[in-house]
Amino acid sequence: MTATTDESVFAAENVFGKGEPNSTLAQYFIGDSYLKELVDDPECAVGIHNVTFSPGCRNNWHIHHATSGGGQVLICTAGSGWFQEEGHDPVSLEPGSVVFIRAGAKHWHGAKADSWFSHIALAVPGENTSNEWLEPVEDAAYAAL
């Protein structure tokens, strides 16, 4: 699928569905995001969620901390988005793109300005894991992408 701001076109490609408004973490996002838990079983050691971003929506810079293991895997499923690790160029994300984010790496991810975007987020198990939410991605830096 190509980038689209048409929600009905995007919904037809978003195989896991949009989910519910991501109200718990909304303070760490610019724009509207949605969350759908894909595995609801306490025996599963990996958090697995489908995250959907409206056009232009992105999360703040953040870090997944762990004393060992940890990090995050993103598997892009629909639409078109961005991922950026601090100190590196932004990476375009399209369906089929996979990103492994090591624990301790400051980064952000979200939709392109002209597209809805979904990815599956897998929380990699580790010891003493936590997330640290940081500053928003500056509007000027995002607009320059």
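Visitor: Is Glu37 buried, exposed or partly exposed, and why?
Guide: Glu37 counts as partly exposed, because its relative accessibility is 45%. Keep in mind that this is a predicted model.

Visitor: Where does Glu37 sit in the fold?
Guide: Glu37 belongs to strand E3, which covers residues 33-37.

Visitor: And which residues form the negative surface patch?
Guide: That patch is made up of Glu37, Asp40, Asp41 and Glu43.

Visitor: Switching to aromatics: how many aromatic pairs are there in the whole structure?
Guide: The search turns up seven aromatic pairs. One of them is stacked: the ring centres of Tyr28 and Trp133 are 4.8 Å apart and the planes are at 10 degrees.

Visitor: Where in the chain are those two, Tyr28 and Trp133?
Guide: They come from distant parts of the chain, 105 residues apart. Tyr28 is in the loop between strand E1 (20-21) and strand E2 (29-30), while Trp133 is in strand E15 (residues 130-133).

Visitor: What about Phe29 and Trp133, how are their rings arranged?
Guide: The ring centres of Phe29 and Trp133 are 6.2 Å apart and the planes are at 45 degrees, so that pair is tilted. It links distant parts of the chain too, with Phe29 in strand E2 and Trp133 in strand E15, 104 residues apart.

Visitor: Is Phe29 buried or exposed, and why?
Guide: Phe29 is buried, because its relative accessible area is 11%, and the cut-off for buried is under 20%.

Visitor: Which residues do the ring pairs link into a cluster?
Guide: The cluster holds Tyr28, Phe29, Phe53, Phe117 and Trp133.

Visitor: Where does Asn128 lie?
Guide: Asn128 is in the loop between strand E14 (126-127) and E15. E15 is also the strand that holds Trp133.

Visitor: Last one: is Asn128 buried or exposed, and why?
Guide: Asn128 is exposed, because its relative accessible area is 59%, and exposed means over 50%.

Terms used: Residues numbered from 1 in each chain as written. Predicted model: local features only at pLDDT ≥ 70, side-chain atom pairs only at ≥ 80, totals over all residues. Heavy atoms only, no water. Patch = residues over 30% accessible without salt bridge, like charges linked within 9 Å, V, L, I, M, F, W, Y side chains within 5 Å. Areas by Shrake-Rupley, 256 points an atom, 1.4 Å probe, with all protein chains shown as cover. Salt bridge = Lys/Arg side-chain N within 4 Å of Asp/Glu carboxyl O. Lys, Arg positive; Asp, Glu negative; His and termini not counted. Charge placed at Lys NZ, Arg CZ, Asp CG, Glu CD. Helix = DSSP H or I, 4+ residues; strand = E, 2+ residues; numbered from the N terminus. Buried < 20%, exposed > 50% of the residue type's maximum accessible area, 1.4 Å probe, protein only. Phe/Tyr/Trp six-rings, centres within 6.5 Å; stacked < 30°, edge-to-face > 60°.
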